[in-house]
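Hi everyone, thanks for coming. Please take a moment to look at the structure on the screen, and then I'll walk you through a few parts of it.

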Amino acid sequence: MLCAKLRIFVERISFLGKYFKNLIKVTIFSKRIRIFAGHKLGIMGSRYIDSGLIAVFCDMLRRAKKVSLIVHVNPDGDAMGASIALYHCLRVLMPELEIVIVSPNRYPEFLKWMDGSNNVLVFRERRKIVKEAIATSDVLICLDFNSLSRLEDLGEFIASTSVPRVLIDHHIEPKKEEFLLIISDVKVSSTSELIFRLAKDILPGPLPRPAADAIMAGMMTDTNMFRDNSSNPDTFKVVAELLKAGVDKEKITSLVFDNFSISRVKLLGFALSEKMVVLPEYHAAYISISQSELNNFSFQPGDTEGFVNYPLNIKGVNISAYISEQLDGAIRFSFRSRGAFSVNDFARRHFAGGGHKNAAGGRMETTLDNAIAEYIKQLEFYKDEISASI
Ligand SMILES: [Mn+2]
């Protein structure tokens, strides 16, 4: 009798155990579906963002009291433009929502004209405050990068928290397991363009003017003034709408491209005349700069933005690299290519990085000389592909 009761008890316990186990499985499974669907639909949503994704995104926002918008290390015009534009949109949409913008390190001086940029919290300058802001957020919205590794030390902290992460981005192959919801479209020119599309879907009224200005700046900088990554006609429809909304294109061009310090322009001169090496046999070129050389020109973050593009102006050069020594002693690479040769694959395979087909980055823990030698070694290997690129 006791034995029978005990058996039933044991069976019940194991039934309940299985029930809860299954319940957990179902929850995890449905989360997985959402993650997968988010990824798939996001990638496919070449015109406007899938309505299912928008619904999930809005639902997450509705439940939130505080959100943090996160941009990548060395934020560029697109990262700053997208985060500031989203900040203004969310303020209109949900006036009660507390919104924080976080950058891992300082952002370039030439982007400080953006309305709202003074609200950006810099992790490496205010670690405690930023950690607190992130830990107390209900949602983290990650902008213009596809993997937490792009945040370096800030990414390690974020990975240690359980705050749900949404990705809004345009880089290929986002790390699916790192985000709960992914709104990603590789066919848009920039994350800023994606924010325009998102804003159109979620805002009841017109785009706030500071958001429109920031989106224009993000699109201009990420396409190198509409030279690269902007062959999708829809990109120009967005530009047309921004102009109709009153954005002053000439003024923003000037704020972004004619706003450099004297030392930045002199550093560019030095980089081109003293530090650029052209390797005609590989259809390649590179510029390498050490920390002490940067210090001679009172280097500020963002000062070398765009340097990598200049060697591509030379006839016959199909790949260019900007190789620089970082404050932490590591080496950072910036790659650009013309035509079919993918610097995204090149950076992924050999330089622990990635990005887009014609614009990518990478990193190596080594000396500047070794980094240059490694670049040349890989050029030798890809010589034929690079030569046939265009
Ligand atoms: Mn971008």
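**Starting from one residue**

Let's begin with Ala-133, which counts as partly exposed because it has 18 C-beta neighbours inside 10 Å. On that scale, a residue with 20 or more other C-beta atoms within 10 Å of its own is buried, one with 12 or fewer is exposed, and partly exposed lies in between, with C-beta atoms placed from the backbone.

Before going on, a word on the model: it is predicted, so local features need pLDDT of at least 70 and side-chain atom pairs count only at pLDDT 80 or more, while totals for chains, interfaces and linings use all residues. Residues are numbered from 1 along each chain as its sequence is written.

Ala-133 sits in helix α4, residues 127-135. Helices (H or I, at least four residues) and strands (E, at least two) are DSSP runs, numbered from the N terminus. Leaving out residues up to four places away in sequence, Ala-133 touches Ser-68, Val-100, Val-102 and Leu-121; contact requires C-beta atoms, placed from the backbone, to lie within 7 Å. Val-102 is 31 residues away along the chain, and its C-alpha atom is 9.0 Å from that of Ala-133.

Now to the sheet. In what order do the six strands of the open sheet run? The order is β3-β2-β1-β4-β5-β6, with parallel pairing; strands pair if DSSP finds at least two bridges between them. β3 (120-122) and β6 (181-184) are at the edges with a single partner strand each, so one side of each has no neighbour in the sheet. Further in, β1 (residues 66-71) and β4 (residues 139-143) run parallel and are joined by five bridges, with Leu-69 opposite Ile-141 in β4.

Elsewhere, β7 (residues 276-279) and β8 (residues 284-289) pair in the antiparallel sense over four bridges, and Met-276 has Ile-287 in β8 as its bridge partner. Their hairpin has four residues between the strands, and His-283 there takes a positive phi near 55°.

Last, a helix pair: the axes of α3 (residues 77-93) and α7 (residues 209-222) come within 8 Å and cross at roughly 160°. Axes here are lines fitted to C-alpha atoms, for helices over the stretch in contact, and angles run from 0 to 180 degrees between N-to-C directions. The two helices are therefore roughly antiparallel, the word for angles over 145 degrees. Among the α3 residues that meet α7 are Gly-77, Ala-85 and Cys-89.

Notes. Angles under 35 degrees count as roughly parallel, over 145 as roughly antiparallel, 65 to 115 as roughly perpendicular and the rest as oblique. Two residues are in contact if their C-beta atoms, placed from the backbone, lie within 7 Å.
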